[in-house]
Every structure is written in C-alpha cells, then in structure tokens.
Amino acid sequence: MTQQRQRLSQGISPTLTKAVTHIRLIEVNPGKLAALDALAPVYLALCQQYVTLFCTDKYPEKFHAPVFTTPLSERWHRVAIQQAAGIAQSWRTTKEQAYQEYLDDVLEYRKQRAEGKLDPQAKEPVWKEWDVPTFTVTCIQATVNVVVLVPSNDSTFDYWLKISTLEFRKQLLVPVKLAG
C-alpha cells in the first residue's frame, strides 16, 4: 500500500503543496525592498553557478553537496541548488530531444539523398551547440526553509511573507494582500 493510501485509510488528509507566485511588492517599505535587493543578486549569482555546473559538468541533482562559497545561509544555498537543478534538468531534457530530432533529420536527409529523392535546394542539417541558460530576470523559487507564508491576525493584510535575509536572524515580514 502506498504511503498516500495508507494516510487516507487512517483518516489523515493528504499534504497539499502551496505556491504563491508573482507577489507584488507595492506594499513593502523601502527598507525591506533594500534587504530583498541585497539578497537577490547574491542568490541569482549562486544559482547561475549551479546551473552552469549542472549543464556542463555534473548531473543535475537537487540534493547535490554545496561546492561554491556564498554569504547565503545553508538553507538559501540548498534552495539555490534545487532551483538550479530543476532548470538544468529541463534544459538537458529539451536539448536531448532537440539532438534526437536533429539525428532523425540527418537520417531522413541521407535516406532521400541515397534514393535520389532529395530536393536540390535541401541542405544537410547542422547541429548547433546550445548555450547554457543564463538568468536575465529575478525569479527566486523559495521553499518553506527560507520563505513562509503566515496568516495575519491583526492587520489589514491577509498574510505576511516571512523571508530569510543575508543577515542572521533578521527576517523580513512582507505584507501580502489577496486579490478580491
């Protein structure tokens, strides 16, 4: 019996994964934005290092041991590795599919040439090596280890987003108002 079925048979509700995407920071004060602005480039640079590593030298593994130094906490480091591994795995899969299509095109080209059915204008397919993905837009895919959504009990906001920063035990509370 699977763990999920076992939990259901015991009357335990299944775990739900929650995602809050594209949070508008219009309600955030300048001091909090400055802390986020300090975190973002450090995080993205580390994530880029791992994307490059996973696309060129190592297999993308979400639980890969840290190999780069960073001022980020161990938790943020783990999140960067996980995000980079996901990006690199997707890139590798898409690249492998494109390479297989290229090989199929070459085979078809050579078959048509051998049979004398090749269009005179046709050129043999050429493989162009792919560039490693590079970050151009800030996007942090944080886990509950570094970002937690906390319900608000006494505020005009619906939730508070509790975010770890570069400073030890200096978390940010970012207000979140649901659309409505």
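Biologist: Is W91 buried or exposed?
Modeller: W91 counts as buried, with a relative accessibility of 11%, because the cut-off for buried is under 20%. Keep in mind that this is a predicted model.

Biologist: OK. How many aromatic pairs are there?
Modeller: The count comes to 7 aromatic pairs. Take W91 and W130: their ring centres are 6.4 Å apart and the planes make 70 degrees, so that pair is edge-to-face.

Biologist: And where do W91 and W130 lie?
Modeller: W91 is in helix α3, while W130 is in the loop between α3 and β1, so the pair ties together parts 39 residues apart in sequence.

Biologist: What about the accessible area of W130?
Modeller: W130 has a relative accessible area of 30%, so call W130 partly exposed.

Biologist: What do Y99 and W127 form?
Modeller: An aromatic pair, edge-to-face, with 4.9 Å centre to centre and 85 degrees between the planes. Y99 sits in helix α3 and W127 in the loop between α3 and β1, so here the parts tied together are 28 residues apart in sequence.

Biologist: How accessible are those two, Y99 and W127?
Modeller: Y99 is partly exposed, at 37% relative accessible area. W127 counts as partly exposed too, at 22%.

Biologist: Which residues form an aromatic cluster?
Modeller: Y50, F54 and F68 form one.

Biologist: Back to α3. What should helix α3 span, going by 1.5 Å a residue?
Modeller: Its 42 residues, 74–115, should span 62 Å. The end C-alpha atoms are 61 Å apart, which agrees.

Biologist: And what happens just after α3?
Modeller: G116 comes there, with a positive phi of about 75 degrees.

Biologist: Let's zoom out. How many helices and strands are in the chain?
Modeller: The chain has 3 helices and 3 strands, and along the sequence they follow the pattern α-α-α-β-β-β.

Biologist: What share of the residues is buried?
Modeller: Buried residues are 25% of the 180 in the chain. The chain exposes about 13100 Å², and carbon and sulfur atoms supply 53% of that area.

Biologist: What about contacts between residues at least 6 apart in sequence?
Modeller: Of those contacts, 55% join residues at least 24 apart.

Biologist: Now the sheet. What order do the strands have?
Modeller: The order is β1-β2-β3, in an open sheet of 3 strands with antiparallel pairing.

Biologist: Which strands stand at the edges?
Modeller: β1 and β3 do, each with a single partner strand, so one side of each is left without a neighbour in the sheet. On average, neighbouring strands of this sheet are turned by 25 degrees against each other, ignoring direction.

Biologist: Over how many bridges do β1 and β2 pair?
Modeller: They pair over 5 bridges, in the antiparallel sense. For one of the partners in β2, look at Y159, which bridges to P151.

Biologist: Which strands does helix α2 lie across?
Modeller: Helix α2, residues 30–56, lies across β2 and β3, and runs at about 110 degrees to β3.

Biologist: Last one, K177. Where does K177 lie?
Modeller: K177 lies in the segment after β3. With a relative accessible area of 52%, K177 is exposed.

Biologist: Which residues does K177 touch?
Modeller: Leaving out residues up to four places away in sequence, K177 touches T156, F157 and D158. The C-alpha atoms of K177 and W160 are separated by 8.7 Å, and those two residues are 17 apart along the chain.

Methods. Residues are numbered from 1 along each chain as its sequence is written. This is a predicted model: local features need pLDDT of at least 70, side-chain atom pairs count only at pLDDT 80 or more; totals for chains, interfaces and linings use all residues. Side-chain values use heavy atoms; hydrogens and water are left out. Helices (H or I, at least four residues) and strands (E, at least two) are DSSP runs, numbered from the N terminus. Buried means under 20% relative accessible area, exposed over 50%, partly exposed in between (1.4 Å probe, protein chains only). Contact means heavy atoms within 4.5 Å. Accessible areas come from the Shrake-Rupley method with a 1.4 Å probe; for residues, only the protein chains shown count as cover. The expected span of a helix is 1.5 Å times one less than its number of residues. Rings of Phe, Tyr and Trp (its six-membered ring) pair if their centres lie within 6.5 Å; planes under 30 degrees apart count as stacked, over 60 as edge-to-face and the rest as tilted. Two strands pair if DSSP finds at least two bridges between them. Axes are lines fitted to C-alpha atoms, for helices over the stretch in contact, and angles run from 0 to 180 degrees between N-to-C directions.
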